[in-house]
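Look through the sequence and the model below. The paragraphs after them go from the ligands to the chain as a whole.

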Amino acid sequence: MTYLLALDQGTSSSRSIVFDEHGYAVSSAQAELPQHYPQPAWVEHDPLDIWRSQLETARQALRQASLDASRIRAIGITNQRETTLLWNRHTGQPLHRALVWQDRRTEAFCAALRDQGRAPLIREKTGLVLDAYFSAPKLRWLLDNVTGARDAAERGELAFGTIDTWLIWQLTQGRVHATDVSNASRTLLFDIERSDWSDELLGLFNIPRSVLPEVRPSAADYGTTAPELFGQPIRIAGVAGDQQSALFGQACHKPGQVKNTYGTGCFMLMHTGDQRHTSRHGLITTRAAQPSADAQYALEGSVFIGGAVVQWLRDGLRCIRASTEIEALAASVPDSDGVVFVPAFGGLGAPYWEPEARGTITGLTRGATAAHIARAALESIAFQSTALLRAMRQDAEQQGLDIHELRVDGGACVNNLLMQFQADLLGIPVVRPAHIETTALGAAYLAGIGSGLYLDLDTIAARWRTDAVFTPVMSRDQAEGRMAQWEHAVRQATAR
Ligand SMILES: Nc1ncnc2c1ncn2[C@@H]1O[C@H](COP(=O)(O)OP(=O)(O)O)[C@@H](O)[C@H]1O
Ligand SMILES: O=P(O)(O)OC[C@H](O)CO
């Protein structure tokens, strides 16, 4: 038996999972990642926390599985995307904490570029919208605000990376400075059709090309780990951004297959094959994980606050002690009794793209309790995801694709109340696979392909198994009524 080691560096935690060659998890380890909020709307991670927690969980997972490094055929890396780091190529020292994808400090800069009419060019080249969510404005901020950074970059001394690139750099001790297409396509600097960094966009954001990593397919040779890290070298053969990795791990390899991941945020992706499609309904185009030489595309919509609303109930309102308690609290009332919660803490993502929106709770009466708010919070995750799926369905129809079901994963998809409400709103089955760690599984599969263990995608698709199917029971009229109530509350959240 041979094994694959997946490193899954997420927003809230670093995880490592050892899979056997059949795709069964044999061990896993996880460490919470400290979050830093130095100012309102700023979110940072310490790069050394990221690296150390990832390395430590990888070692723990190997120990738990009683495997030494020689049994690991390859490592697959998957990561929170867009999060931006800059470090010194000679010393490996980061110049600043990582600016996390949720960080909104570059909002005004992006608004100015939008006002100058730059958004269409960016959409054309990158498939993305001009928003502070993506890497380029963050990288520009680092170059302009860290003393000496721009001069050092001009001298070729600095390396930029998203978190995959940082982990590859650390694992290979500076021998490999690379990223994969799925991560590159989230930077606002990558021409998704030419598969190369765009000089025009580098000029627009004032980024020197010398800081950029080399871009490779998602299943490829990313070098080997330094021998002292795990006792002997392990090759790195798979890399993908976490949402594209989850799409891959969900075996959504064909046009029209859709998954939604319910983590800190929610991310819905639909595979569109080797064709680039442009959404007319507020979604972005992104590169899907690429197991071979051929470019693969997806449409994507992101909800910024998904499971994070549950964390807010826990840490902000303190009406639950653990995220898992929300299901019982929400189920203690038959419905939200007219309460609607729009958790637009830092604006609203797709399909609204309303950076100025703010969190809003409507419909409160004297009878409202914490349980109603908890229920409304949970429902907000499903409402936002439904808005995404509706947009996606309209785009799909225009391309002659039909969406039959939604495959789900991520930490919050264990919540049956949420999944049932999701199916009710969508009117299509919501399918939860037996293995909900599909993000890590996708990276492991990519590493399996990159190292020659798997020869085709059918092998992977054949392994995908169902845990539960949530079938819609709500009438379509009622579902439409609930969505109308939601859209009404969104208008209030976006009113200025
Ligand atoms: N039972 C639950 N019901 C609803 N949300 C949950 C539940 N358990 C965890 N969550 C939420 O899921 C998120 C964690 O999911 P995870 O996939 O681990 O996130 P990430 O990959 O973004 O770090 C947290 O925001 C947490 O509040
Ligand atoms: O870390 P996650 O799972 O919340 O994913 C973060 C996304 O990649 C951001 O685009």
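How many residues of the shell around ligand 1 are nonpolar, polar and charged? The shell has five nonpolar, 13 polar and one charged residues. Here Ala, Val, Leu, Ile, Met, Phe, Trp, Tyr, Cys and Pro count as nonpolar, Asp, Glu, Lys and Arg as charged, and the others, Gly among them, as polar. The structure is a predicted model, in which local features need pLDDT of at least 70 and side-chain atom pairs count only at pLDDT 80 or more, while totals for chains, interfaces and linings use all residues. Residues are numbered from 1 along each chain as its sequence is written, and chains are lettered from A and ligands numbered from 1 in the order in which they are written.

Of the 19 residues around ligand 1, those that come nearest are Gly263, Thr264, Gly307, Gly411 and Ala412. A residue is near a molecule if its C-beta atom, placed from the backbone, lies within 6 Å of it. Helix H11 (308-315) and helix H12 (326-331) are the elements that give two or more residues to this shell. H11 supplies the largest share, three residues. Helices (H or I, at least four residues) and strands (E, at least two) are DSSP runs, numbered from the N terminus.

Gly307 sits in the loop between strand S17 (297-303) and H11. Gly307 counts as buried because it has 25 C-beta neighbours inside 10 Å. The cut-offs are 20 or more other C-beta atoms within 10 Å for buried, 12 or fewer for exposed, and anything in between for partly exposed, with C-beta atoms placed from the backbone. Not counting residues up to four places away in sequence, Gly307 touches Tyr262, Gly263, Thr264, Gly411 and Ala412. Two residues are in contact if their C-beta atoms, placed from the backbone, lie within 7 Å.

Ligand 2 is surrounded by Gly10, Thr11, Gln80, Arg81, Glu82, Trp101, Gly241, Asp242, Gln243, Gly263, Thr264 and Gly265. By class, these residues divide into one nonpolar, eight polar and three charged.

Thr11 is found in the loop between strand S1 (3-9) and strand S2 (13-20). With 21 C-beta neighbours inside 10 Å, Thr11 is buried. Apart from neighbours within four places in sequence, Thr11 is in contact with Gln80, Val100 and Thr264. Glu82 has its place in the loop between strand S5 (72-79) and strand S6. Glu82 is buried too, because 26 C-beta neighbours lie inside 10 Å. Among the residues that Glu82 touches are Trp101, Tyr133 and Arg186. Asp242 lies in helix H10 (residues 242-249). Asp242 has 30 other C-beta atoms within 10 Å and is therefore buried. Its contacts beyond four places in sequence include Asp8, Gly10, Gln80 and Thr439.

In an unreviewed entry, UniProt places the feature "binding site" at Thr11, Arg15, Thr264, Gly307, Gly411 and Asn415. For "binding site", the unreviewed entry also lists Arg81, Glu82, Tyr133, Asp242 and Gln243. UniProt positions are given in the numbering used here, feature names are shortened, and annotations may be inferred rather than shown by experiment.

The buried residues of H4 are Ser135, Ala136, Pro137, Lys138, Leu139, Leu142 and Leu143. What covers them includes strand S6 (85-88), helix H2 (107-115) and helix H8 (199-205).

Some details of the backbone follow. The peptide bond from Ala350 to Pro351 is cis, with omega near -5 degrees. Pro351 is in the loop between strand S18 (340-342) and strand S19 (360-362). Ala41 has a phi near 75 degrees, a positive value in a residue other than glycine. Ala41 lies in the loop between strand S3 (25-32) and strand S4 (44-45).

What of the whole chain? The protein chain has 17 helices and 22 strands. Its radius of gyration, taken over C-alpha atoms, is 22 Å, close to the 23 Å that the globule rule gives for 496 residues, so the chain is as compact as a globular protein of that length. The globule rule is 2.2 Å times the number of residues to the power 0.38. Buried residues make up 54% of the 496 residues. The mean pLDDT, the predictor's confidence in each residue from 0 to 100, is 94 for the protein chain, and 100% of its residues reach 70 or more.
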